[in-house]
Amino acid sequence: MSLSSSKTLSRAGIRPAGNTATGTLKIIALFLMLTDHAGKMLFPNIPELRLIGRLAFPIYAWCLIVGFSYTHSVVHYMLRLLLVGLISQPLYIVAMNHTWTQPNIFLTLLIGLGGLWGIREKRWFSYLWAPAAALILAGVLGADYGWKGVLFLFLLYAVRGSRTGIAAVMVAYFLFWGSYYSQVTSFFGVPLSYGSLPEPFRGILSAFFRTETFGLLSLPLILIPFGSYRKMPLWLSYALYPAHLGLLWLAETLFR
């Protein structure tokens with residue numbers, strides 16, 4: 001998924017306009033996800049850790065868009081996602097106290113990638129039925145983030161060539177998504193007392209300070225290039241996810 005050069009041509013002819021240093025982005029996303037999962041497993045009395053973790057999914061989603069744009073083989077890409085997802089699922093169940101009916105994030109990415117492939121290839125009207133099938137499948141299989149997560153991948157792919165488009169999609173999407181979640185009234189003990197502000201400031205801040213809307217804070221990381229395109233070893237890129245679950249499970253077992 002990482003690029004060795006910013007000059008590499010996209011397979012679809014549209015070069016992603018945002019940050020393509022996916023090796024670095026995935027490391028950042030992993031630490032954010034680690035913070036999220038540690039908040040659930042080890043520090044349940046610190047909900048702010050889970051808020052920080054909301055930044056991980058949009059970064060992983062963008063990495064998938066970049067990877068899909070440049071991969072030499074979508075089939076091999078999908079097989080890697082499937083393999084890592086299957087290897088990670090037992091650890092995900094044990095570490096996060098889930099069941100087999102609650103799949104990890106790799107299923108969401110796999111289903112989304114299949115839909116994107118259909119959109120790009122346009123075989124037998126696949127640009128119509130493939131994304132529709134992906135959205136339905138995500139709901140039926142109970143994919144992490146559900147059909148909304150897969151839809152986010154499709155929207156992000158549609159605007160991948162424009163920083164303005166990426167920003168617009170993320171702001172609109174996370175404001176809509178966040179409207180279904182609870183209001184955030186404090187952050188690490190600091191009260192967010194925006195309720196006393198006059199309109200329209202109160203309404204704007206109220207819309208932003210919701211659980212899932214915190215994902216918007218990942219936008220600068222997605223839009224602004226780091227200037228570094230060092231490639232992460234492929235095996236390491238995928239091994240980090242099950243490894244972090246194993247480490248958290250070990251920590252919870254030792255310090256329970």
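## Overall architecture

Helices (H or I, at least four residues) and strands (E, at least two) are taken as DSSP runs and numbered from the N terminus. On that basis the protein chain has eleven helices and two strands, which follow one another along the sequence in the pattern α-α-α-α-α-α-α-α-β-β-α-α-α. The model is a predicted one, in which local features need pLDDT of at least 70 and side-chain atom pairs count only at pLDDT 80 or more, whereas totals for chains, interfaces and linings use all residues. Residues are numbered from 1 along each chain as its sequence is written, and side-chain values use heavy atoms, with hydrogens and water left out.

A residue is called buried under 20% relative accessible area, exposed over 50% and partly exposed in between, with a 1.4 Å probe and protein chains only. Of the 256 residues in the protein chain, 47% are buried. Contact means heavy atoms within 4.5 Å, and among contacts between residues at least 6 apart in sequence, 74% join residues at least 24 apart.

The expected span of a helix is 1.5 Å times one less than its number of residues. The buried residues of H6 are Ser126, Ala130, Pro131, Ala134 and Ala138. Seen down the axis of H6, these buried residues fall within an arc of 110 degrees, so they line one face of the helix; the arc is that of the directions from the helix axis to the C-beta atoms.

The buried residues of H6 pack against helix H5 (105-121) and helix H7 (146-158), while the face turned away from the buried side carries the exposed residues Leu128, Ile136 and Val140. Just after H6, Gly142 takes a positive phi of about 70 degrees.

Helix H7, with 13 residues, should span 18 Å at 1.5 Å a residue, and its end C-alpha atoms are 19 Å apart, which agrees. The buried residues of H7 are Gly146, Gly149, Val150, Phe152, Leu153, Phe154, Leu156 and Tyr157, and what covers them includes helix H3 (56-70), H5, H6 and helix H8 (163-178).

Two packed helices are described by the angle between their axes and the distance between the axes. Axes are lines fitted to C-alpha atoms, for helices over the stretch in contact, and angles run from 0 to 180 degrees between N-to-C directions. Angles under 35 degrees count as roughly parallel, over 145 as roughly antiparallel, 65 to 115 as roughly perpendicular and the rest as oblique. The axes of H6 and H7 come within 7 Å and cross at roughly 150 degrees, and H6 and H7 are therefore roughly antiparallel to each other. A crossing is left-handed if the near helix is turned anticlockwise from the far one by less than a right angle, and right-handed if clockwise; that of H6 and H7 is right-handed. In this pair, Pro131, Ala134, Leu135 and Ala138 of H6 meet Gly146, Trp147, Val150, Leu151 and Phe154 of H7.

Helix H4 (74-96) and H5 pack at an angle of about 165 degrees, with their axes 9 Å apart, which makes H4 roughly antiparallel to H5. The crossing of H4 and H5 is left-handed, and the residues in contact include Val74, Tyr77 and Leu81 of H4 together with Phe106, Leu109 and Trp117 of H5.

The axes of H3 and H5 come within 11 Å and cross at roughly 40 degrees, and the two helices are therefore oblique to each other. H3 passes H5 in a right-handed crossing, where the contact residues include Phe57, Leu64 and Phe68 of H3 as well as Ile105, Leu109 and Trp117 of H5.

## Individual residues

Two residues have a positive phi although neither is a glycine: Asn97, at about 60 degrees, and Trp124, at about 50 degrees. Asn97 is found in the loop between H4 and H5 and is exposed, with a relative accessible area of 69%. Trp124 is found in the loop between H5 and H6, and Trp124 is likewise exposed, with a relative accessible area of 74%.

Ala38, in helix H1 (residues 22-41), is buried, with a relative accessible area of 12%. Not counting residues up to four places away in sequence, Ala38 touches Phe43 and Leu248. Ala38 and Arg50 are twelve residues apart in sequence and 8.3 Å apart in space, C-alpha to C-alpha.
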